[in-house]
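Trainee: I would like to learn how to read the sheet and the ligand site in a model like this one. Please show me the structure first.

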Amino acid sequence: MTSPLALEISGLSVRFGDTLAVDGLDLAIPRGATVALLGPNGAGKSSTVNAVLGLIRPATGSIRVLGRSPAAAVRAGGVGAMLQHGGLPSEARVGEVLDLARRSFPTAWPLDDLVATAGIDGLLGRSTDALSGGQRQRVLLALALAGAPPLLLLDEPTSAMDVEGRRAFWATMRGLAERGHTVVFATHHLDEADAVADRVVVLAGGRLLADGPAASLKAGFAERTISFTSAGELRFDAVPGVSATERRGDTVVLTTADPEATLRALLADGGRLPDLEVRGASLEEAVLTLTGALR
Ligand SMILES: Nc1ncnc2c1ncn2[C@@H]1O[C@H](COP(=O)(O)OP(=O)(O)OP(=O)(O)O)[C@@H](O)[C@H]1O
């Protein structure tokens with residue numbers, strides 16, 4: 001029977017000498033999910049991705065990819081990857097490299113659609129040595145997609161892309177997810193993870209800290225931020241609910257566990273709050289708090 005899971009990781013540990021890069025990781029990712037791997041530098045994201053691709057041998061644990069061993073899944077064209085240090089052959093045309101990649105898979109992605117999906121229109125005749133960082137990443141994406149793999153593993157895929165390139169890239173990923181592909185990506189762009197992933201996995205020191213929808217992660221943080229313009233030297237420490245105050249130029253930023261009580265007090269007696277904004281924790285704040293970078 002075909003496994004309903006794209007990825008099943010049990011008790012995975014990866015060791016480099018004295019460094020335990022991944023420490024007892026359990027993760028089950030169903031087919032069709034879009035999952036972000038988050039965590040600070042050295043958290044173990046790349047080590048996990050590399051182990052799933054069969055590029056490094058785990059110290060302990062087991063990994064099943066589309067119901068098979070990593071090597072068998074990769075051999076069968078089940079997995080496409082964009083790695084952090086992925087390279088392109090030198091002195092070749094993009095079109096030639098792509099042709100070669102497509103020919104090596106049992107089912108190649110149709111060229112026209114592949115070019116449109118990866119956004120590399122106009123680059124096929126270019127030398128691989130004459131690409132910008134963002135163009136290079138899109139060509140690497142096209143190579144990852146060449147075999148129409150059900151599972152995509154992307155390690156910081158947008159790190160060299162400009163804002164427009166990122167937007168286009170994530171629109172492509174959403175399209176792939178809608179077509180049933182499973183997308184697992186490591187990133188430091190938490191806003192992107194929040195917007196794109198239906199599930200986020202937070203690692204630190206090789207351990208799993210959180211695993212669930214971004215909304216549940218953020219909901220665990222009851223505090224809200226209230227900001228408004230106030231030029232005076234008024235102090236807000238004693239306002240009900242307020243646990244921290246900060247002034248950024250003319251803007252006052254209050255952190256409160258009870259936003260209703262805080263606002264009621266601020267607006268009492270005809271008080272005015274120009275440019276008022278109330279917002280919940282961002283995914284960035286939630287992850288930084290979880291990983292201990294914020295109090
Ligand atoms: N080839 C290697 N040899 C020795 N140590 C390594 C190797 N690769 C990774 N490490 C170590 O393993 C730990 C986890 O690294 P990993 O690259 O998996 O983290 P990461 O979460 O991907 O970090 P980043 O966000 O910086 O890419 C780090 O302490 C790192 O120094």
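Trainee: Which helix lies across β5 and β6?

Mentor: This is a predicted model, in which local features need pLDDT of at least 70, side-chain atom pairs count only at pLDDT 80 or more, and totals for chains, interfaces and linings use all residues. Residues are numbered from 1 along each chain as its sequence is written. Helices (H or I, at least four residues) and strands (E, at least two) are DSSP runs, numbered from the N terminus. Contact requires C-beta atoms, placed from the backbone, within 7 Å. Angles run from 0 to 180 degrees between N-to-C directions, with axes fitted to C-alpha atoms, for helices over the stretch in contact. Helix α5 (residues 133-145) lies across both strands, at about 165 degrees to β5. Helix α6 (residues 163-178) also packs on the sheet, where it touches β3, β6 and β7.

Trainee: In what order do the 6 strands form the open sheet?

Mentor: Strands of a sheet pair through backbone hydrogen bonds, either parallel or antiparallel. Two strands count as paired if DSSP finds at least two bridges between them. Here the order is β5-β6-β7-β3-β8-β9, with mixed pairing. β5 (79-82) and β9 (207-212) are at the edges with a single partner strand each, so one side of each has no neighbour in the sheet. β5 and β6 run parallel, joined by 4 bridges; Met-82 has Leu-154 as its bridge partner in β6.

Trainee: Which element gives the largest share of the shell around the ligand?

Mentor: A residue is near a molecule if its C-beta atom, placed from the backbone, lies within 6 Å of it. Helix α1 gives the largest share, 3 residues. Among the surrounding residues are Phe-16, Asn-41 and Lys-45.

Notes:
Contact = placed C-beta atoms within 7 Å.
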